[in-house]
Amino acid sequence: MHLPFSLFLALRYLRPRRSFVSVITLLSVLGVSLGVAVLVIVLSVMAGFSLELEKKIIGFNAHLVVSNGEILSRPQAIMELVEKDPLVVGAAPFVSGPVMVEYASRITTPILRGINIDLEEKVIPIKKFLIAGSYDLEGESVIVGEEWAKHSDAYLGDKVLIYAPRHFQAFRDNYQKGKQTTILPSEFTITGIFRTGLYEYDASYFITSLANAQYLYSLGNGVHGVSIRIQNPLAANKVKERLNLRLQPPEEALTWIDQNKPLFSAIAIERIAMTFILFFIIIVAAFGLCSTLITITVQKSKEIGLLKALGARDDQILSIFVLHGFIVGVFGTLLGLVLASFSLYYRNSFRDFIGKHLGIDLFSADVYHFSTIPMVIDPLLVAGISFGAIVICILAAWIPAMNAAKLTPAKALRYE
């Protein structure tokens, strides 16, 4: 009885009664709860996937790459210039490009990456990705991705034939001279197999020595670029700006974000789209709340008229229904957060349960390369969802609240 009468009446209207209005109120609370829960669960899992993807991409890619779109003829000078930056940990030259590989009467077109094994370890620690064989690139040897080896049924010690630009250039030159010749590919031995956890890399990358790649691409002492590792990957843009001021155009530094911009842009757009779509669940629940309050105002018109006749102001009547919407929003949001926390905590158990009883492999490790469903809870995101849900409920209550406030005592009590 010590509560303000607006809050007292708002809470009283929330008491469960065996009526259609109480059922709609309960459904409104559950609708808000489900909307909040689904939003938090989906966006947390998507954030987890994005973070894990970034880690895997950064793990197998340099933080920055210096190239000119063609052939770098002065890689040593660029490396010396780059290493003067205080944030640079290491730099290494590389050759990277597509080749044709023949193995077991099958033709594939992986990306061949030529590296200096000593310098590369300071930039991309490829050795930690090795799951079989040895990190040995002496002679005509190559390290292949696990997925390529699996699909090609290739094993350590097997021979692969590589057709590179050097072979096609020789064929073209002989053809122009009117000579008939046969392309003789280079034979390489598989000495290692690596696994990064990303299908794109594990299925389409070959690694060999820098000298082998330079020979296959007829580059001489040139390279395709210089890869760079810095102390903090998130500071890549700052380092890029400093380097681009000192490099000679068309030489240009690109960050790992620049090189994977389509992928990260797609993820960002998908998160925005999912947020927009899932918020409609809360909006649908808000319409249920609005209809509930409209019904209450009709049923309680006599009481509203009596309150106004006793001196209740319009803003006090308005606050009764606005507080009703606020309370529904708060209770629904809190219940949704509890449901989301429970679901996220047992997300992998739920996945295993579904897979065991329904025979559905949710989030297959063969496809997503995650042994568990990743998840990252962003407190700011959760706060934003909660605030948005409460605001939507308040706005849904505003229209019936305005109608109730405009009700005149004479009209409400005309037939009493």
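Start by selecting Tyr346: in this predicted model the residue is partly exposed, with a relative accessible area of 39%. Show both rings and you have an edge-to-face aromatic pair, 4.8 Å centre to centre with 80° between the planes.

Now widen the selection to residues 317-346, one of the spans that the unreviewed UniProt entry annotates as "transmembrane region". This span is 97% helix and 0% strand, and its end C-alpha atoms lie 44 Å apart. Jump from there to 380-399, another span with that annotation. Here you get 100% helix and 0% strand, with 30 Å between the end C-alpha atoms.

How many aromatic pairs does the structure hold? There are 5. Pick Tyr201 and Tyr205 next: their ring centres are 5.5 Å apart and the planes sit at 85°, so this pair is edge-to-face. Both tyrosines are buried. Then select Tyr103, Trp148 and Phe206, which make up one aromatic cluster.

At least three residues come from each of domain 1 (5-56 + 264-413) and domain 2 (69-250).

Centre on Ile228 and show its surroundings. Leaving out residues up to four places away in sequence, its contacts include Ala62, His63, Val88, Gly90, Val123 and Leu243.

Leu243 leads you to helix H9 (residues 236-246), where the buried residues are Ala236, Val239, Lys240 and Leu243. Look down the axis: these residues cover an arc of only 105°, which puts them on the same side of H9. Which residues are exposed on the other side of H9? Select Lys238, Glu241 and Leu245. The cover over the buried residues includes strand E1 (64-67), helix H3 (75-82), strand E11 (225-230) and helix H10 (256-259).

Last stop: Lys240, in helix H9. Is this lysine buried or exposed? Its relative accessible area is 18%, under the 20% cut-off, so Lys240 is buried. Beyond residues up to four places away in sequence, Lys240 touches Leu64, Ala253, Leu254, Thr255 and Asp258.

Key:
Residues numbered from 1 in each chain as written. Predicted model: local features only at pLDDT ≥ 70, side-chain atom pairs only at ≥ 80, totals over all residues. Heavy atoms only, no water. Domains from an automatic or database assignment. Contact = heavy atoms within 4.5 Å. UniProt positions renumbered as here; feature names shortened; annotations may be inferred. Helix = DSSP H or I, 4+ residues; strand = E, 2+ residues; numbered from the N terminus. Buried < 20%, exposed > 50% of the residue type's maximum accessible area, 1.4 Å probe, protein only. Arc of directions from axis to C-beta. Phe/Tyr/Trp six-rings, centres within 6.5 Å; stacked < 30°, edge-to-face > 60°.
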